[in-house]
Amino acid sequence: MGSRMLHGEEAYSIAIMLLEFLDKRASGATIQIFGTDISAPAVDCARAGTYSETAVANVSPERLRRFFVKVGASYQIGKQVRDRCVFARHDLGKDPPFSKLDLISCRNVLIYMSGELRSGCFPSSTML
Ligand SMILES: C[S@@+](CC[C@H](N)C(=O)[O-])C[C@H]1O[C@@H](n2cnc3c(N)ncnc32)[C@H](O)[C@@H]1O
């Protein structure tokens, strides 16, 4: 989705790409995405999964048709994607880490943190 910060778009975008990827393979794999943020309003906004016409301007017509539902003047993320995304409040610096994760994506998050907090979040060997 667009580059303006809209909560949930990182998780939903990854879910959409994985669903498309799995579509082409008969792997039977299922996916579960945890979208977390320290901010409760950000988590609520992500759960709502509703984006303006401007926000989805760069989403292809095919993806809009397949993965979104038009609600009035907005687009809401559809059930197929929503069912695979769980959102929760989580402070990267204080709360216990999640386990059994295959991929961690944190776009534009670590850049706001001090070096100490950043290296506390991830051992340096796991950073790409
Ligand atoms: C620039 S936004 C990026 C949001 C999303 N990753 C994206 O790319 O659209 C940075 C987010 O980091 C969250 N954040 C800041 N400190 C955090 C922390 N210690 N733990 C978890 N989230 C944090 C903020 O609440 C904010 O929503």
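How many bridges join β3 to strand β4? Select residues 74-77, which make up β4, and you will find four bridges to β3, with the two strands running antiparallel.

Before going further, a word on what is on your screen. This is a predicted model, in which local features need pLDDT of at least 70 and side-chain atom pairs count only at pLDDT 80 or more, while totals for chains, interfaces and linings use all residues. Residues are numbered from 1 along each chain as its sequence is written, and side-chain values use heavy atoms, leaving out hydrogens and water.

**Stop 1: the whole chain**

Colour by secondary structure: the chain has five helices and five strands. Starting at the N terminus, the order is α-β-α-β-α-β-β-α-β-α.

**Stop 2: the hairpin and its sheet**

Now go back to β3 and β4. Select Lys 70, and opposite this residue in β4 stands Tyr 75. Then try Val 71, whose bridge partner in β4 is Ser 74. Two residues lie between the strands of this hairpin, and Gly 72 in the turn has a positive phi of about 60°.

Strands count as paired if DSSP finds at least two bridges between them.

**Stop 3: aromatic rings**

Show the side chains of Tyr 12 and Tyr 51. Rings of Phe, Tyr and Trp (its six-membered ring) pair if their centres lie within 6.5 Å; planes under 30 degrees apart are stacked, over 60 edge-to-face, and the rest tilted. Here the centres are 6.5 Å apart and the planes at 85°, so this pair is edge-to-face. Tyr 12 belongs to helix α1 (residues 9-23) and Tyr 51 to strand β2, 39 residues apart.

Are Tyr 12 and Tyr 51 buried or exposed? Both are buried (under 20% relative accessible area; over 50% is exposed and in between is partly exposed, with a 1.4 Å probe and protein chains only).

**Stop 4: a charge over a ring**

Finally, select Phe 21 and Arg 25. Arg 25 lies over the face of the Phe 21 ring, 3.8 Å from the ring centre; the rule asks for NZ of Lys or CZ of Arg within 6 Å of the centre and within 35 degrees of the ring normal.
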